[in-house]
Amino acid sequence: MQRIFSGIQPSGVPQLGNYLGAIRNWVSLQADHECIFCLVDMHAITTWQAPEELRRHTLTQAAILLASGIDASKHILFNQSAVSAHARLAWIFNCVTRLGWLNRMTQFKDKAGKDRENHSSGLYVYPNLMAADILAYKATRVPVGEDQKQHLELANDIAQKFNHDYGVEFFPQVEALIPTAAARVMSLRDGTKKMSKSDPSAQSRIELTDDADTIALKIRRAKTDTEVLPAEPEGLVDRPEARNLVAIYAALADMSAQQVLDQHQGQGFGPFKAALTEVVVQAIAPIGAETTRLLGDETHLLNTLRLGAQRAQAIAEPIVSEAEKLVGFLK
């Protein structure tokens, strides 16, 4: 089996876009890969996190992943800061990576905007830590969205330069696993913006902890237009909110947009939202219920993460210790 590493930031409650874009894919990858799943709390603090909120979000995130189908007995689930190998290898990579490479990273430019001088240096070198996360385990595959593809290319550049600088073939090249048909889930309040857990309005997203009544209310309030649903997807091109709701239905029901429209063409949004609610509740409400149950036993969650960290450490420590030896550090 090839080894997969994937991480998710515990900086808020995961929402439907996180589930369709990443978490559901992780669950399916468990069947034929050795999987290491990480709550990247070190990445989270590249922007300010209130300590108690970070702790709460980390436990909630762990509970959601378990509730979604991550099997922590067969695979590894842990929080990043519990394994020191990540930070140690990241510092080596800070010294391998060229400033010009980091200056080309578009995500930092997007997040920092015109106020880049006031952002943390951690946010700037974030891609080096991401490379360390992956290469500390010599993972060969990483499931990522298009927005992280550039960072993964940088991880391969770092691995190649380390190998060249120290005359070894130590770190492998990493393959990006980009889902071919991942749904791009947009805000329920504005179909031109991605659904985000950082949006000030909770009405803009379906959170994975939402119960059936909350899901129904959010879908009922979702922005739409006055037209009926068309017969073909082309009729949704200039209707972002309608297109988004059809895409959510299609993704959760494992259908194409055309199949959804075949069933609901000519309907107004009253009946369609009722049908969509049923589909979303069936998929998401059980995750929320199981998450609530798991959060009721914090000791179990902490023990699951500790055991995962011990297993992760057992893999990463020999790799990172050898990297430190290659660099010339005394042991």
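Modeller: A pocket is an open set of grid points with protein on both sides within 12 Å along at least five of seven lines, and its lining residues have an atom within 4 Å of a point. The model discussed here is predicted.

Biologist: Into how many nonpolar, polar and charged residues does the lining of the largest pocket divide?

Modeller: The largest pocket holds about 1600 Å³ of space. Among its 50 lining residues, Asn-18, Gln-107, Asp-147, Gln-148 and Lys-194 are the closest to the centre. By class, the lining divides into 19 nonpolar, 21 polar and 10 charged residues.

Biologist: Which element gives the largest share of the lining of the largest pocket?

Modeller: Elements that each supply at least two lining residues include strand E1 (3-8), helix H3 (51-68) and strand E4 (141-143). Helix H1 (16-29) also belongs to that group. The largest share, six residues, comes from H1.

Biologist: Which element gives the largest share of the lining of the largest cavity?

Modeller: The structure has one cavity of 30 Å³ or more, and the largest cavity has a volume of about 60 Å³. Helix H6 (106-112), helix H7 (121-124) and helix H8 (126-135) are the elements giving two or more residues to its lining. The lining residues include Gln-107, Phe-108 and Lys-111. The largest share, three residues, is from H6.

Biologist: What kind of aromatic pair do Phe-93 and Phe-171 form?

Modeller: The whole structure has 10 aromatic pairs. For Phe-93 and Phe-171, the ring centres are 5.6 Å apart and the planes stand at 75 degrees. Planes over 60 degrees apart count as edge-to-face, so at 75 degrees this pair is edge-to-face.

Biologist: How many residues apart in sequence are the parts that this pair ties together?

Modeller: Phe-93 is in helix H4 (residues 85-96), while Phe-171 is in the loop between helix H9 (149-165) and strand E5 (175-177). The pair therefore ties together parts whose separation in sequence is 78 residues.

Biologist: Is Phe-171 buried or exposed?

Modeller: Buried means under 20% relative accessible area. Phe-93, at 0%, counts as buried. Phe-171 has a relative accessible area of 4%, so Phe-171 is buried.

Biologist: Which residues do ring pairs link into a cluster with Phe-171?

Modeller: Phe-162 and Phe-171 form an edge-to-face pair, 5.0 Å centre to centre with 65 degrees between the planes. Lys-138 lies over the face of Phe-170, at 3.8 Å from the ring centre. Ring pairs link Phe-171 into a cluster with Phe-93, Phe-162, Tyr-166 and Phe-170.

Notes:
Residues numbered from 1 in each chain as written. Predicted model: local features only at pLDDT ≥ 70, side-chain atom pairs only at ≥ 80, totals over all residues. Heavy atoms only, no water. 1 Å grid on protein atoms, 1.4 Å probe; cavity = no way out; pocket = protein on both sides within 12 Å on 5 of 7 lines; lining within 4 Å. Points joined across faces, edges and corners; volume = space filled by probe spheres on them. Helix = DSSP H or I, 4+ residues; strand = E, 2+ residues; numbered from the N terminus. Nonpolar A, V, L, I, M, F, W, Y, C, P; charged D, E, K, R; others polar. Phe/Tyr/Trp six-rings, centres within 6.5 Å; stacked < 30°, edge-to-face > 60°. Buried < 20%, exposed > 50% of the residue type's maximum accessible area, 1.4 Å probe, protein only. Lys NZ or Arg CZ within 6 Å of the ring centre and 35° of its normal.
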